[in-house]
Amino acid sequence: MSQPPSKSLTQIQNVAQPDEALLSYLDTLLSEIDEGEMAPPVTSVKAPSAQADTLEQTVGEIETRTETAPGALADVTRRTRGVPEWAELPFQVLLFTVNGINLAVPLIGLCGILPLHTPISRLPGQPHWALGVQLNRDAKVVVVDTRRLLMPELDIAQAERSEQTHLLLIGNGERGLSVDSLKGTITLEKEAVRWRGDAGQRPWYAGIIVEKLTVLLDVDGVVEMLAA
Amino acid sequence: MAYTDDEEGGSGPLIQFVTFVLMDEVYGINVMQVQEVLRVTEIAPVPGAPAYVLGIINLRGNVVTVIDTRKRFGLPPSEVDDSSRIIVIESENQVVGILVDAVAEVVELQEGDIDAAPNVGTEDSSRYIQGVATREDGLLILVDLNKLLTDEEWQEINMY
């Protein structure tokens, strides 16, 4: 079913034109409306403004007023806006270090934490980032060498001297990111993070916790990397 | 920008350059691109960063990427000391910091004082040399900050 966009939707397009990311988002939104059940038309949007804040508010309004394909919408939002939905409320992150570099992972993406047992059972034909397999009760956890995965620029021979002590379980607990030390948790507001603009070349990169100068990992991105 | 035409041969508009030192050589960058000069604070390394990126700093709530200027210029690394500085510059619509051994002074040059750099290095390594100026105390190497990184590299550091 193809219908010309309503006046209000045309207004939305105009609002979004200065921002490529938002344009992409709105294109998706419009196509959903064209193909599926028509949601009640948006009857009012904020006046056009170049301010990103206003645009984000407008997008927020559109999200609440339409009921088209929420899953697809969430995905596009994650990729283009940078701020995931769960960050709209205060959220906790676990701080840790890998080879002396401070990193953080949102607790919402964490399945658990295990002490790293050595020796790890190595399997033939593993990807370069896989150190082997460790048992967690009856489940097998693939031990991911976080240094190799995230820091290909490192001299691995030198990096391997760092002692890895724990595994952060992600992706249904089937993968464990090896880390050197755990530094505790902190609670953050979304403003505390400089979120990435788009997926870019580093799918694992969600943003930087400015106060701590710490990279926040995108757990979904890491899981996608490991599945590739 | 003032215009002069003195008897010593220099002519054209006066341009101010901030000079800095790297391995005893003096370099100059256009003062208009310099935002501020900082003492070296904690530079946090970031995973996956290119070799020429030292890390990031927190500049009054903003994240600024710091470039290892020595590495960029193909010079051997050195320890940070009391005279080391981070020059915060704006280039290609981005704010970045460049780590230098020391900041020297601000000098004024006339456009006519600036000569083309001798064509000795590879095109890649010398592309960011804007020119040279002869001064009483030696050669001043003028750096075109916009060409310090390639377009792809500017995009890459924009990640942080």
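Entry one, the interface. I looked up the area first: chain B and chain A bury about 1,600 Å² between them, 62% of it on carbon and sulfur atoms. Buried area here is the accessible area (1.4 Å probe) that two parts lose on being put together, summed over both.

A note on the source: this is a predicted model, where local features need pLDDT of at least 70 and side-chain atom pairs count only at pLDDT 80 or more, while totals for chains, interfaces and linings use all residues. Residues are numbered from 1 along each chain as its sequence is written, chains are lettered from A in the order in which they are written, and side-chain values use heavy atoms, with hydrogens and water left out.

Entry two, contacts. I found 18 residues of chain B in contact with 16 residues of chain A, contact being heavy atoms within 4.5 Å.

A:Arg202 forms a salt bridge with B:Glu156, and their closest N and O atoms are 3.4 Å apart.

I located A:Arg202 in the loop between strand 9 (193-195) and strand 10 (205-209) of chain A; strands are DSSP runs of E, at least two residues, numbered from the N terminus. Is A:Arg202 buried or exposed? I have A:Arg202 down as buried, with a relative accessible area of 5%, where buried means under 20% (1.4 Å probe, protein chains only).

Note on methods: Helix = DSSP H or I, 4+ residues; strand = E, 2+ residues; numbered from the N terminus. Buried < 20%, exposed > 50% of the residue type's maximum accessible area, 1.4 Å probe, protein only. Salt bridge = Lys/Arg side-chain N within 4 Å of Asp/Glu carboxyl O.
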